[in-house]
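Hi,

Here is the model I said I would pass on. Have a look at it first, and then read on for what I found.

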Amino acid sequence: MIRFLATSLLYLMGNALGLLVAAWLLPGFHLAPLGFLISVLFLSLVEILLGPFVFKMAVSYVPALRGGIALVTTFIGLLLTTIFTNGVRIEGVLTWVLAPFVVWIVVLLAAVLLPLVLFKKVLAGRGGESASAAQP
């Protein structure tokens, strides 16, 4: 249960950072302050729910997409988030092409780096336990 909560927290933080970086880098990517939280929650939920479906469709119909599953899922998540929430607005074809990539790469980096920062003590404790367990 704790692992699920930690993973969910990291996922939400990664998506929040991804949206903020996309808004900072892309002139056609706009965030509404009041709708930002709802948009992050909605985007994360859509990506969690659609990820397995997109993977199954890719494997069945377009095997070449297997490597880009997360990118396709991010695009669909952004599309649905712009439709169903007021927190994100994306304007222009170039922004629509670049936004999923920017959000995806930031989420990927956050998935690698945030655990090192947020769970530093837990990870350090596990390293110490492993070392002490290995010694007689």
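This is a predicted model: local features need pLDDT of at least 70, side-chain atom pairs count only at pLDDT 80 or more; totals for chains, interfaces and linings use all residues.

The crossing of α2 and α3 is right-handed. Helix α2 covers residues 36-61 and helix α3 covers residues 69-84, and the two pack at an angle of about 135° with their axes 8 Å apart. An angle of that kind makes α2 and α3 oblique to each other.

If you want to click through the contact, the α2 side consists of S39, F42, L43, V46, E47, L50, G51, V54, F55 and A58. Facing them from α3 are I69, V72, T73, T74, I76, G77, L78, L80, T81 and F84. Sorted by class, the α2 and α3 contact has 13 nonpolar residues, six polar ones and one charged one.

Now for the other end of the chain's helices. Helix α1 (residues 2-25) and helix α4 (residues 93-118) have axes that come within 8 Å and cross at roughly 135°. That angle makes α1 oblique to α4, and the crossing is right-handed. From α1, the residues involved are L10, M13, G14, N15, L17, G18, L19, V21, A22 and L25. From α4 they are V102, V103, V106, V107, A110, L114, P115 and L118. By class, this contact of α1 with α4 has 15 nonpolar and three polar residues, with no charged ones.

α4 also packs with α3. The axes of α3 and α4 come within 9 Å and cross at roughly 115°, and α3 passes α4 in a right-handed crossing. On α3, look for A70, L71, T74, F75, L78, L79 and T82; on α4, look for W96, A99, P100, F101, V103 and W104. The classes here are eleven nonpolar, two polar and no charged residues.

One residue I would point you to is N15, which lies in helix α1. Is N15 buried or exposed? N15 has a relative accessible area of 0%, and since anything under 20% counts as buried, N15 is buried. Leaving aside neighbours within four places in sequence, N15 is in contact with V40, L43, S44, E47, V103 and V107. Of those, L43 and E47 are also among the α2 residues that meet α3, while V103 and V107 are among the α4 residues that meet α1.

What about charge pairs? Side chains of opposite charge can pair when their charged atoms come close. The structure holds one salt bridge. In it, the side chains of R89 and E91 meet at 2.8 Å, N to O. R89 counts as partly exposed because its relative accessibility is 46%, and E91, with a relative accessible area of 39%, is partly exposed too.

Finally, the overall layout, for when you zoom back out. The protein chain has five helices and two strands, which follow the pattern α-β-α-α-β-α-α along the sequence. Buried residues make up 31% of the 136 residues in the chain. Counting contacts with a separation of 6 or more, 71% are between residues 24 or more positions apart.

Cheers

Key
Residues are numbered from 1 along each chain as its sequence is written. Side-chain values use heavy atoms; hydrogens and water are left out. Axes are lines fitted to C-alpha atoms, for helices over the stretch in contact, and angles run from 0 to 180 degrees between N-to-C directions. Helices (H or I, at least four residues) and strands (E, at least two) are DSSP runs, numbered from the N terminus. Angles under 35 degrees count as roughly parallel, over 145 as roughly antiparallel, 65 to 115 as roughly perpendicular and the rest as oblique. A crossing is left-handed if the near helix is turned anticlockwise from the far one by less than a right angle, and right-handed if clockwise. Contact means heavy atoms within 4.5 Å. Ala, Val, Leu, Ile, Met, Phe, Trp, Tyr, Cys and Pro count as nonpolar, Asp, Glu, Lys and Arg as charged, and the others, Gly among them, as polar. A salt bridge is a side-chain nitrogen of Lys or Arg within 4 Å of a carboxyl oxygen of Asp or Glu. Buried means under 20% relative accessible area, exposed over 50%, partly exposed in between (1.4 Å probe, protein chains only).
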